[in-house]
Amino acid sequence: MPNPTAAMLVIGDEILSGRTRDANMHHLAGQLTERGIDLCEVRVVSDDADAIITATKALSAAYDHVFTSGGIGPTHDDITADCIAAAFDAHIDIRDDARALLQAHYDRSGQELNAARLRMARIPDGATLIDNPVSTAPGFTLHNVHVMAGVPSVFTAMVASVLSHLTGGAPLLSRTLRLMKGEGDIAGPLGQFAQDYPALSVGSYPFQKDGIYGSNVVVRGTDAAQLDSAMDALEELFAA
C-alpha cells in the first residue's frame, strides 16, 4: 500500500519578500519522512485571501493531508483562519473552548484578553483544535487541512501534536555514496543504474572541494534490504 501523501502551504508576504527565511518546510519534511507520509508539494502564497483559498482547495483535493504555516496570529494581516473556513464554506467565529484556553493563559500572565488576542480564538465550525504548548493559541484541523502558526517553535510543537494522531506508512530510508567525480563523468552509468532500480529514487548532488568536483549520489527507498543491495551494486559500478 502506498504511503499517505501531503502538501504544505506556506503563507506570508514576509516569506516571499525575503524578509523571513522559512524553516518550517525543512522541519515538516523531516518529520513526515520519519512518519512515512510523502511530502509531494510545497506552495508559498502571499497574504492574499483569493490565493490562500485557491491553493487550499487545490491541495486539499490532491493530497491526503495539507499542512499550513502562518497567518493565525492577532493582527489584521492574519487571515488564514478565515480563508480556510471560506475554502470549505464553513462558518467561523470565536469558539468557547479556544477562548477558554486563551483566557486562562492571559490570566496567568496578568495580561488582558483584548479584542486582538480574541481573534486567535476564531475557529471554523467542525474544526478540531491543535494543541499549542508553547503559547497556548491553538491551531485547528478542518477536513484534511492542518492549520498551524508560522513561528518555528510553535509550528514544531503543533506538528508533533498533529502527527501523533496520523497514520503513516513505511518511513523513507536513504543511503549516500560520495564520489570524487563530476556529474558529467557519472551521468551515463548512473542513469542506467536508476533504470535498473525503478522502485528506488536516485539523485545526484554535486559539490566542489579544493578545486575538485564531486557528487553525492543519494538512493532512497522504503525497503532496507533492497536499498542495501542497490548500494552494493552502486559501489561496485563506480569502483570499476
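A cavity, in these legends, is a set of points on a 1 Å grid over the protein atoms alone where a 1.4 Å probe fits but cannot get out, while a pocket is an open set with protein on both sides within 12 Å along at least five of seven lines, and lining residues are those with an atom within 4 Å of a point. Grid points are joined across faces, edges and corners, and a volume is the space filled by probe spheres set on the points. The model is predicted, with local features needing pLDDT of at least 70 and side-chain atom pairs counting only at pLDDT 80 or more, whereas totals for chains, interfaces and linings use all residues. Residues are numbered from 1 along each chain as its sequence is written, and side-chain values use heavy atoms, with hydrogens and water left out.

View 1. At least two lining residues come from each of α4 (80-87), β5 (122-124) and β7 (139-142); helices (H or I, at least four residues) and strands (E, at least two) are DSSP runs, numbered from the N terminus. By class, six residues of this lining are nonpolar, three are polar and four are charged, where Ala, Val, Leu, Ile, Met, Phe, Trp, Tyr, Cys and Pro count as nonpolar, Asp, Glu, Lys and Arg as charged, and the others, Gly among them, as polar.

**View 2. The largest pocket and its lining.** The largest pocket has a volume of about 490 Å³. It is lined by 30 residues, and the closest to its centre are Gly70, Gly71, Ala149, Gly150 and Val151. Two or more lining residues are given by each of β1 (5-11), α1 (13-16) and α7 (152-163), and α7 gives the most, with three residues. The lining of the largest pocket holds 14 nonpolar, 10 polar and six charged residues.

View 3. Strand β10 (residues 201-209) runs antiparallel to strand β11 (residues 212-221), and nine bridges join them; two strands are said to pair if DSSP finds at least two bridges between them. Lys209 stands opposite Ile212 in β11. The hairpin has two residues between the strands, and Asp210 takes a positive phi near 55° there. Most residues other than glycine have a negative phi. Asp210 counts as exposed because its relative accessibility is 71%, with exposed meaning over 50% relative accessible area, buried under 20% and partly exposed in between (1.4 Å probe, protein chains only).

View 4. Asp89 lies in the loop between α4 and β4 (92-94), and its phi, near 55°, is a positive value in a residue other than glycine. Asp89 counts as exposed, with a relative accessibility of 75%.

View 5. A search of the whole structure finds one aromatic pair. Phe193 and Tyr197 form this pair, which is tilted, with 4.8 Å from centre to centre and 40° between the planes; rings of Phe, Tyr and Trp (its six-membered ring) pair if their centres lie within 6.5 Å, and planes under 30 degrees apart count as stacked, over 60 as edge-to-face and the rest as tilted. Phe193 is buried, with a relative accessible area of 4%. The charged end of Arg178 sits over the ring of Phe207, 3.9 Å from its centre, and a charge sits over a ring if NZ of Lys or CZ of Arg is within 6 Å of the ring centre and within 35 degrees of the ring normal.

**View 6. Two buried residues within the whole chain.** The protein chain has nine helices and 11 strands, and its C-alpha atoms fill a box of roughly 70 × 40 × 35 Å, taken along the principal axes. Of the 240 residues in the protein chain, 40% are buried. Leu177, in strand β9 (residues 173-179), is buried with a relative accessible area of 14%, and its C-alpha atom is separated by 32 Å from that of His65, 112 residues apart along the chain. Ile53, in helix α3 (residues 49-62), counts as buried at 18% relative accessibility. Ile53 and Leu173 are 120 residues apart in sequence and 34 Å apart in space, C-alpha to C-alpha.
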